[in-house]
Amino acid sequence: MTKKITDQVKEVNNSISSQTKKINDLKNSVKKDIEAQKDSLMSQMIAIVAIFVGISFVMFGGMSLINDLFTHVDGQPVPLVELICLGCLIGIVMIVVMYCFIMFILSITRNKMLRAKKIFFKIVLKTCTILGMASCVMFIIWCCQTFLK
C-alpha cells in the first residue's frame with residue numbers, strides 16, 4: 001500500500017514538474033513576444049516623430065526660400081515669369097527632399113510598406129512632372145522675352 005502511495009506521489013510530482021516546465025516555457029515565449037512588440041512600437045513612434053520633424057523643417061525652409069523670391073532686389077520688381085519658374089523649381093526640390101527623407105526614415109525603421117511606397121512614388125513623380133513642365137514653359141517664355149527684345 002505504501003508503495004502504491006509513493007508511486008502516485010511520484011507520478012503527481014512528475015506531472016507537476018512537467019506542467020511547471022510548460023508554464024515557464026510559455027512565460028518566456030510571452031516575454032519575448034512582448035519585447036518584440038515593444039521594440040516595434042518604439043520604432044514606429046520614432047519614425048512618426050522623425051517624419052513630422054523632417055517635413056516641418058523642409059516646409060519652413062521652403063517657405064523661407066519662396067518668401068525670399070518675393071523680395072525686391074535693389075528696389076527692382078522681380079518679373080512674374082521668373083518668379084513662377086523659380087517657385088516651381090523650389091517646389092520640385094521641396095517635394096524630392098521630403099520624398100527622400102520619408103523613404104530614408106522608412107528604411108531605417110525597416111518598414112515594409114511596399115504598396116504605400118509605390119503609390120507615394122507615383123504621386124511625387126506626377127507632381128514633379130507638372131511642376132517641371134510649368135517651370136520649362138516659364139523658362140521658354142522668359143527666354144523669348146529676354147532674347148527677342
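## Cysteines

Cys100 counts as partly exposed, with a relative accessibility of 45%. The model here is a predicted one, and a search through the whole of it turns up zero disulfides. For Cys100, the nearest cysteine sulfur belongs to Cys128 and sits 9.6 Å away.

Cys143 is buried, because its relative accessibility of 19% falls under the 20% cut-off. Its closest cysteine sulfur is that of Cys144, but at 7.0 Å the two are too far apart for a bond.

## Ser135 and its surroundings

Helix α3, which covers residues 114-147, is where you will find Ser135. With 5% relative accessibility, Ser135 counts as buried. Setting aside neighbours within four places in sequence, Ser135 touches Cys85, Cys88 and Leu89.

## Overall architecture

The C-alpha trace spans about 120 × 30 × 15 Å along its principal axes.

Among contacts with a separation of 6 or more, 73% join residues 24 or more positions apart.

## Surface and charge

Of the 149 residues, 19% are buried. The protein exposes about 11,900 Å², and carbon and sulfur atoms supply 71% of that area.

As for charge, there are 17 positive and 9 negative side chains, and the centres of these two sets lie 11 Å apart.

Definitions and conventions:
Residues are numbered from 1 along each chain as its sequence is written. This is a predicted model: local features need pLDDT of at least 70, side-chain atom pairs count only at pLDDT 80 or more; totals for chains, interfaces and linings use all residues. Side-chain values use heavy atoms; hydrogens and water are left out. Helices (H or I, at least four residues) and strands (E, at least two) are DSSP runs, numbered from the N terminus. Buried means under 20% relative accessible area, exposed over 50%, partly exposed in between (1.4 Å probe, protein chains only). Contact means heavy atoms within 4.5 Å. A disulfide is a pair of cysteine sulfur atoms within 2.5 Å. Accessible areas come from the Shrake-Rupley method with a 1.4 Å probe; for residues, only the protein chains shown count as cover. Lys and Arg count as positive and Asp and Glu as negative; His and the chain ends are not counted. The place of a charge is taken as NZ of Lys, CZ of Arg, CG of Asp or CD of Glu.
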